[in-house]
Amino acid sequence: MSETIDMSETKELESMIGEEYKYGFSTDIEYEGFPKGLNEDIVRKISAIKEEPEWMTEFRVKAYHAWKEMEEPEWFNATYNSPEFDKIQYYSSPKDKPKKDSLDDVDPKIRETYEKLGIPLDEQKMLSGVAVDAVFDSVSIFTTFKEKLAEAGVIFCSISEAIQKYPELVKKYMGSVVPARDNFYSALNSAVFSDGSFCYVPKDTICPMELSTYFRINNMDSGQFERTLIICEDNSHVSYLEGCTAPMYDKNQLHAAVVELVAMENAEIKYSTIQNWYAGDEDGKGGIFNFVTKRGICKGDNSKISWTQLETGSAVTLKYPSVIMKGDNSVGEFFSVAVTNKRQQADTGTKMIHLGKNTKSTIISKGISAGNSNNSYRGAVKISKKAENARNYSQCDSMLIGQTCGAHTFPYIESANPTGKIEHEATTSRVGEDQIFYLQQRGLSEDDAISLIVNGFCKEVLKELPMEFAVEANKLLGIKLEGSVG
Amino acid sequence: MSLQKIITLRPILIDKLKNRTTVLEIKDLHVVVEGEGTEILKGVNLSIGKGEIHAIMGPNGSGKSTLSKVVAGHPEYEVTQGDILYNGESILEMDPDERAHAGIFLAFQYPVEVPGVTNSTLLRESYNTIAASRGREELDPLEFEDYIKDKLELVEMNPEFLNRSVNAGFSGGEKKRNEIFQMAVLRPQLSFLDETDSGLDIDALKVVSSGINQLHGSDDSVVLVTHYQRLLNYIEPDFVHVMINGVIAKSGGKELALKLEDQGYEWLNAYGTVNGEG
């Protein structure tokens, strides 16, 4: 495509995008929490209220001190006022008793919240084949289908529960992929993480259902710091999906999660994200700061880790789900659709680190920018000295809707082994007036035309999402870019 | 153009004009590019009857492609004067998709690519949207597959086409063929075929022309917008109009096309600059 766009067209396209955020309601419930701000005492209190073992407390305290020494990073292609770390409430939980054995014990208001979000916690009503861990502000509220999973030997529970029940596993793996000191936000998370999901798939097991965590930020002053740890033993397979929403507050809220994946020999982990945090309003007021560290390690030979993300929300997104391919013949994949609209900023991509022989990575990134937003792909491919015959293929496509948005690509390539092969392709296109007119001439409405064009553009990535969520993803894309053309 | 004008041109046309039902009536149409001052259409008059085939010819920049786009509702153009009546009602306020629902079709001179969207997805969506708007039954994927089978044959298209992205990587000829295929599937009442013959080799031209001829019946009308007479060897028009410098300079029967072929457009210079500035 090579058509040019004039300003009148831009205006029209702009008015076509951006619908009200329909998850923007908040739930009125009582909280118990700690005073705002962070010090060692708060860190110890978080650990104490969760009745954690000594080693866990020490892990947190060490991370806290590391964090204090670190500088907030500023290398992103995004501008924002840095989070006021002393005004965040680092622990907040519904006053009601935190962990439930039966759904009947869950506060009806919270249950209602999840129903409204389209995530009923009642197993009867749920998508069959999907187990859900529901995280509300700082704590895991309820995990469904636990018994069914247990029959297969799969452990799926909140990380708090795992620390109590499976301390050896947690101790062994937590921080092994993303060390506390890895970066400013991972250090902060390691100090104050409140809850999150834990999954362990034993040897020779195909997890019988999709696992998912649904994150909801409700409290205006709280940050959300979850920790997710997934371990997949030899010859096992798991597919995991996370979804996220938050109310509309005109204040920025911080979400700084850490996700660690460990795949042993012949194991495969597929991790999908549908991120729809509140994005802020037209003027860029409010919205979530989505500063997340996600990394997986292909520890065993022939293992595979695949990240798929559909990033549509948040005021600012900074995340780079990465794969360390340590085992020989291991495979890393990153499939991403990042949509920015209004004043959203996204700086997202991946790091593929090739350590083992014959390792192979694929990166497919689709960025869609509209409104006054800014969308950057940042990706690194590193081939180490010992990684004989490593291969990477990267494809980064950007689509612009309108004249006032930006799309950028920052690829970093480093190869220390002459047998390595790295391919990078990039394209930029515009949704043009002519494209929309063509589809309208064939009877489609403006909204349907845009939706069809965008879905076509993202097709390669959307098809990577688990079936159960593909429909939701399609709808979400439609809503995000749908307009209110009168 | 006024009826009177046609009647004075050739007695044989009088028969054709008797008992005709007007489908499209363009009256004194003036058009500028949205946001710019330059007038592209400077008072076009044209009347299309049910079941008729019209050819609009003219040199580059005369405004004939613009006319097709304006009828289809392209947002780039603004109508400053005059009206377009379709089945007796003004369509100026209608969006392009509403005009499509009403039965107006435009085969594009430069069909647009839509990567990642298969031909069959678009076609079915298109067919069903139009069907729904007219209270006709929508088709599910299997029924639709059945329905389009013979349409594919009509333009000698490989069914494989259906699974390819809309126009992406198509040759020029394939794109044009695809437009006529869409016309066959959607069965419009009024079709503007904008330079459908350009970029076609002789074999493809024959296939496309034969498709158009087979599709055309007594209930629908076709407007061929073309630079060359060659297409008219295969599709016989009832009327030929010559557009020059934003107006219809001359109308007549098919012999007018032959005269143009023979003598070029220069003899019509009185109507303005033939190799017009647009």
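## Basis

Residues are counted from 1 along each chain as its sequence is written, and chains are lettered from A and ligands numbered from 1 in the order of writing. In this predicted model, local features need pLDDT of at least 70 and side-chain atom pairs count only at pLDDT 80 or more, while totals for chains, interfaces and linings use all residues.

## Overall fold

Chain A contains 11 helices and 23 strands (DSSP runs numbered from the N terminus: helices are H or I, at least four residues; strands are E, at least two). Of its 486 residues, 56% are buried (20 or more other C-beta atoms within 10 Å of the residue's own, with C-beta atoms placed from the backbone).

Among contacts in chain A with a separation of 6 or more, 83% join residues 24 or more positions apart; a contact requires C-beta atoms, placed from the backbone, within 7 Å.

## Helices α9 and α10

In chain A, helix α9 (residues 433-441) packs against helix α10 (residues 446-462) at about 120°, and their axes are 9 Å apart. Axes are lines fitted to C-alpha atoms over the stretch in contact, with angles from 0 to 180 degrees between N-to-C directions.

From α9(A), the contact uses A:Gln435, A:Ile436, A:Leu439 and A:Gln440; α10(A) supplies A:Glu446, A:Ala449, A:Ile450, A:Leu452 and A:Ile453.

## Confidence

The mean pLDDT of chain A is 83, and 78% of the residues reach at least 70; pLDDT is the predictor's confidence in each residue, from 0 to 100. Confidence is highest in strand β16 (residues 322-325) of chain A, at 98, and lowest in helix α1 (residues 7-15) of chain A, at a mean of 39.

Residues 1-19 of chain A stay under 50 in pLDDT, and the model has 44 contacts beyond four places in sequence for them.

Definitions and conventions
A residue is buried if 20 or more other C-beta atoms lie within 10 Å of its own, exposed if 12 or fewer, and partly exposed in between; C-beta atoms are placed from the backbone. Two residues are in contact if their C-beta atoms, placed from the backbone, lie within 7 Å.
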